[in-house]
There are 2 protein chains.
Amino acid sequence: MTEKNAFLEAFKRTKYQLVGHGPRNFQVLKEALSSYDEDYESDVYGNGKVIEDFQEKMATYLGKDAAVFFPSGTMAQQIALRIWCDRNGIHKVAYHPLSHLEIHEEDGLKELHRIEPILLADKNRLIELEDVLSLEEDISCLLIELPQREIGGQLPDFEVLESISTYCREKGIKLQLDGARLFEILPYYQKTAAEVCQLFDSVYVSFYKGIGGLAGAILAGDQDFIEESKIWKRRHGGDLISLYPYIITADYYFDKRIHKMATYYENAIELARLFNECKATSTLPSIPVSNMFHVHFEAPIENVKSILIDVYEETNIGITGNLRPIDENSCYCEISLGDQFSKVPKETISNVFQILNDKLSGIVK
Amino acid sequence: MTEKNAFLEAFKRTKYQLVGHGPRNFQVLKEALSSYDEDYESDVYGNGKVIEDFQEKMATYLGKDAAVFFPSGTMAQQIALRIWCDRNGIHKVAYHPLSHLEIHEEDGLKELHRIEPILLADKNRLIELEDVLSLEEDISCLLIELPQREIGGQLPDFEVLESISTYCREKGIKLQLDGARLFEILPYYQKTAAEVCQLFDSVYVSFYKGIGGLAGAILAGDQDFIEESKIWKRRHGGDLISLYPYIITADYYFDKRIHKMATYYENAIELARLFNECKATSTLPSIPVSNMFHVHFEAPIENVKSILIDVYEETNIGITGNLRPIDENSCYCEISLGDQFSKVPKETISNVFQILNDKLSGIVK
């Protein structure tokens, strides 16, 4: 049963929101679907124009031989790691301690694939070349997430990525890109997707973060790798007779938003600056490198929730619907910029932050 | 790349079809989606009104404590078997040699779950109580598919099911229902879904066969079994942020078609009779027990294809788009009755079968 969440409800009631693309409602699908004729044919178990066209489009965009559409990134990435491990004969991989695979997938990689992950780097920082160099065990694959979401969406310098890629190729370690937010980092790197992806052997991208689709993922790589991934897709129960609701929304919103990533990134920088001017408030990273960042409040979560609800009601502008505790005296939220920010009347935004700052100043020394 | 299939294309070009609910095109989704307001909220990772309401509706319909929506039956059933095996500590199950798990899932059960299946009964007949009694190895779960699709959709007597259920309960063997076509057999058994399901510990049903939805499945059982299945759903990569396109179509077409199953069944009996009157043609079963049956032609597949294409072009009525070889001199197709049959002008159907019979008589002694 869904519990009533007063904080989330207060956020949803606001007229404008600083974050996201808007509510996850049926209009998201209706809009994309209305651009197709009613007699357009469904994909059928991975075949058909609607899925093949999109896979080809994404393979080209990512600069890879081939691509396959998956219902989820969880499925796509476990499968990528399994293929590399099976080929190499070593069922060990390495990734960041806060990787999605480690903290959000109920240990699927271990329970389903018997793959042992080695956690690289401290959880509060990025993986560096030195972490890879100092690996004491043989691994088949290194997974790198760009940006590293759970630490606010941080990015290594591109040169670090290049050096890790060069080293892994020398050592025969496959490199998998967790590109859940790949589109969102291209303006910072000033690279094309293909330029980033050529450092990696296989790549996963998602369509319901910055793109704002319904769900779904693309896995891209060499032709034989992709063909093998389709067998595993069937094993996982992901080879659905129809995946088109996800494909058409991915395609539609990709076309609609891929050129807006620089705007989202610039808006994130502006918004982070406003947060950092508030009492007891800081962002991670301090200057965002994508459309996302985390906001840390040095105050108990219940106090911050109460303040934010007041701000929402006074201004009719929502900041976040999801605040999480760090410890008894601090909490944080994740901010992702999308289409909504540009719709907020400019003059009201500084007012929001003035009220927020005043209220925080009232409870923090 | 999708290969052109001349036979399938000829079938699709016909104005009327004896089988199915109609083309798998975007209208299927558009029709269901149009019954919802644009601001209806998406499910979010298994929570929200749209998914919870449907799960509750199906749990009630199936007479079980709880139910969970899965993107596919492949995922749902592997997970059901895994839970029963883990609980019992024996990673062996039994099912029919032509079970979906054995022939259509690329060995997912073995590759992902390390569960060993024991194949019960000869592949050309149903599982009987004697097969279960004569099991020499301990198993955690017996899976029974109703109807047994790959042998034309045959059904055991209900009393046989009851005796198998009683025996399994005595022996502590869990019973899983592969009810991919459960709705379709209720008119033959003259039972409610709940009356059939109470013989089983866990039940899977599908929404894109007789119901005619997009994709998706329900797994139903005890509350704790269902809660555990949700963890595995996440591990498999099936806990999508949005599953509603499948849920709303499942729900919409369930309401639209659940009361038509008796009609589909009666039409199947009528259609099977017409096939059985044709030269070199027989159906399996000879009298259907659901909306489905197989048609066997005692002639080489290329000859039958050629004849059927002629029939389609002469009558503008399609019979099947998928003919499969048995051996050099015979082939078969699967027939599933749906909404289409009632739309075909009655007087033209006997004409179709007269032409078919004439043409088959021309090539078979």
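**A lysine in chain B**

Guide: Let's start with B:Lys92, which is partly exposed, with a relative accessible area of 22%. Keep in mind that this is a predicted model.

Visitor: Why does 22% count as partly exposed for B:Lys92?

Guide: Because buried means under 20% and exposed means over 50%, the 22% of B:Lys92 makes it partly exposed.

Visitor: Ok, and which strand is B:Lys92 in?

Guide: B:Lys92 sits in strand β3 of chain B, which covers residues 92-95.

Visitor: What does B:Lys92 touch, leaving aside its neighbours within four places in sequence?

Guide: Its contacts include B:Cys85, B:Ile115, B:Glu116 and B:Ile118. Also among them are B:Glu137, B:Asp138, B:Ile139, B:Ser140 and B:Cys141.

Visitor: How many residues apart in sequence are B:Lys92 and B:Cys141?

Guide: They are 49 residues apart in sequence, and 7.4 Å apart in space, going C-alpha to C-alpha.

Visitor: Which strands does β7(A) pair with?

Guide: With β6 of chain A (residues 174-179), the pairing is parallel, over four bridges. With β8 of chain A (residues 217-221), it is antiparallel, also over four bridges. A:Tyr204 is a handy landmark here: A:Asp178 stands opposite it, and A:Tyr204 also stands opposite A:Leu219 in β8(A).

Visitor: What else does β8(A) join up with?

Guide: β2(A) and β8(A) run antiparallel, joined by five bridges. In that pairing, A:Ala67 stands opposite A:Ala220.

Visitor: Is β2(A) buried or exposed?

Guide: Buried: five of the five residues of β2(A), residues 66-70, are buried, so this strand too is largely enclosed by the rest of the structure. A:Ala66, A:Val68 and A:Phe70 cover one side, and A:Ala67 and A:Phe69 the other.

Visitor: Let's pick a loop residue. Where is A:Asn291?

Guide: A:Asn291 is in the loop between β9 (281-284) and β10 (292-297) of chain A. Its relative accessibility is 4%, so A:Asn291 counts as buried. Not counting residues up to four places away in sequence, A:Asn291 touches several others, including A:Glu184, A:Tyr264, A:Tyr265 and A:Leu337.

Visitor: Now, how do the two chains meet? How many residues does each give?

Guide: The contact takes 56 residues from chain B and 56 from chain A.

Visitor: What's the area buried between them?

Guide: About 4900 Å², with carbon and sulfur atoms giving 58% of that.

Visitor: How many salt bridges are there between chain B and chain A?

Guide: Four. One of them links A:Glu111 and B:Arg82, whose closest N and O atoms are 3.8 Å apart. There are also 31 residue pairs in polar contact between the chains. On chain B's side of the contact, the residues divide into 23 nonpolar, 16 polar and 17 charged.

Conventions:
Residues are numbered from 1 along each chain as its sequence is written. Chains are lettered from A and ligands numbered from 1 in the order in which they are written. This is a predicted model: local features need pLDDT of at least 70, side-chain atom pairs count only at pLDDT 80 or more; totals for chains, interfaces and linings use all residues. Side-chain values use heavy atoms; hydrogens and water are left out. Helices (H or I, at least four residues) and strands (E, at least two) are DSSP runs, numbered from the N terminus. Buried means under 20% relative accessible area, exposed over 50%, partly exposed in between (1.4 Å probe, protein chains only). Contact means heavy atoms within 4.5 Å. Two strands pair if DSSP finds at least two bridges between them. Buried area is the accessible area (1.4 Å probe) that two parts lose on being put together, summed over both. A salt bridge is a side-chain nitrogen of Lys or Arg within 4 Å of a carboxyl oxygen of Asp or Glu. A polar contact is a pair of N or O atoms within 3.5 Å; within protein, one must be able to donate a hydrogen and the other to accept it, and residues adjacent in sequence count only if both atoms are side-chain atoms. Ala, Val, Leu, Ile, Met, Phe, Trp, Tyr, Cys and Pro count as nonpolar, Asp, Glu, Lys and Arg as charged, and the others, Gly among them, as polar.
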